[in-house]
Amino acid sequence: MFEIEERLEKKGITTDAIVEAGMALYVPHGMSPEAARERLRERIAASYLDPNISSLLLGAVLLEEELYDRRKNSEIADDPVFLLSDEIIGMAIAEIIGGIYARFEFTRYDQKKPGILGELGPFLDDAVAGLIAGNTSRLYSECFSNL
């Protein structure tokens with residue numbers, strides 16, 4: 001939907017990089033890291049097809065281009081504390097995918113910024129963190145439901 005995977009790749013944000021960032025904070029819950037990596041990759045690919053998730057990701061891409069890339073000397077260049085819309089986008093993506101528990105997972109990824117997350121601007125780091133958090137949260141829930 002919206003060619004979101006391709007748009008992210010043009011920004012250097014590959015699905016492989018997203019999966020690796022997700023696995024950086026993976027906590028085993030009855031699934032091997034190898035199985036979790038493959039399942040996370042599948043879940044992320046499915047997320048790209050959801051119109052709500054892809055539209056929020058597209059919004060983050062466009063906002064980052066307009067408010068961050070094109071305005072290097074802007075007041076949001078350093079992701080100031082008064083900028084909240086980036087966090088809201090990330091939390092919304094996480095919750096659409098993984099429910100309310102994903103908000104806590106989002107906080108872990110937002111604070112640690114593993115892998116590709118540490119290289120992105122204020123909108124895309126939170127949007128991609130939300131994509132990871134929602135999917136890892138769902139992954140953990142699936143592990144618990146199989147016990």
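Is Tyr 101 buried or exposed? I looked it up: Tyr 101 counts as exposed, at 60% relative accessibility. My cut-offs were under 20% relative accessible area for buried, over 50% for exposed and partly exposed in between, with a 1.4 Å probe and protein chains only.

The model is predicted, so I took local features only at pLDDT of at least 70 and side-chain atom pairs only at pLDDT 80 or more, while totals for chains, interfaces and linings use all residues. Residues are numbered from 1 along each chain as its sequence is written, and side-chain values use heavy atoms, leaving out hydrogens and water.

**Patch.** I placed Tyr 101 in helix α6. With Ile 100 and Phe 104, Tyr 101 makes a nonpolar surface patch of about 400 Å².

**Helix α3.** I found 15 residues here, 33–47. From first C-alpha to last, α3 reaches 20 Å, close to the 21 Å expected at 1.5 Å a residue. I then listed Ala 36, Leu 40, Arg 43, Ile 44 and Ser 47 as buried in α3. They lie on the same side of α3 because they cover an arc of only 100 degrees around the axis.

**Positive phi.** Most residues other than glycine have a negative phi. I noted Glu 3, whose phi is near 50 degrees, a positive value. Glu 3 sits in the segment before α1 (4–10). I also noted Lys 113, not a glycine, with a positive phi of about 50 degrees. Lys 113 is in the loop between α6 (101–112) and α7 (122–145). At 28% relative accessibility, Lys 113 counts as partly exposed.

Methods:
Helices (H or I, at least four residues) and strands (E, at least two) are DSSP runs, numbered from the N terminus. The expected span of a helix is 1.5 Å times one less than its number of residues. The arc is that of the directions from the helix axis to the C-beta atoms. Patches are made of residues with over 30% relative accessible area and no salt bridge: like charges are joined within 9 Å, nonpolar side chains (Val, Leu, Ile, Met, Phe, Trp, Tyr) within 5 Å. Accessible areas come from the Shrake-Rupley method with a 1.4 Å probe; for residues, only the protein chains shown count as cover. A salt bridge is a side-chain nitrogen of Lys or Arg within 4 Å of a carboxyl oxygen of Asp or Glu.
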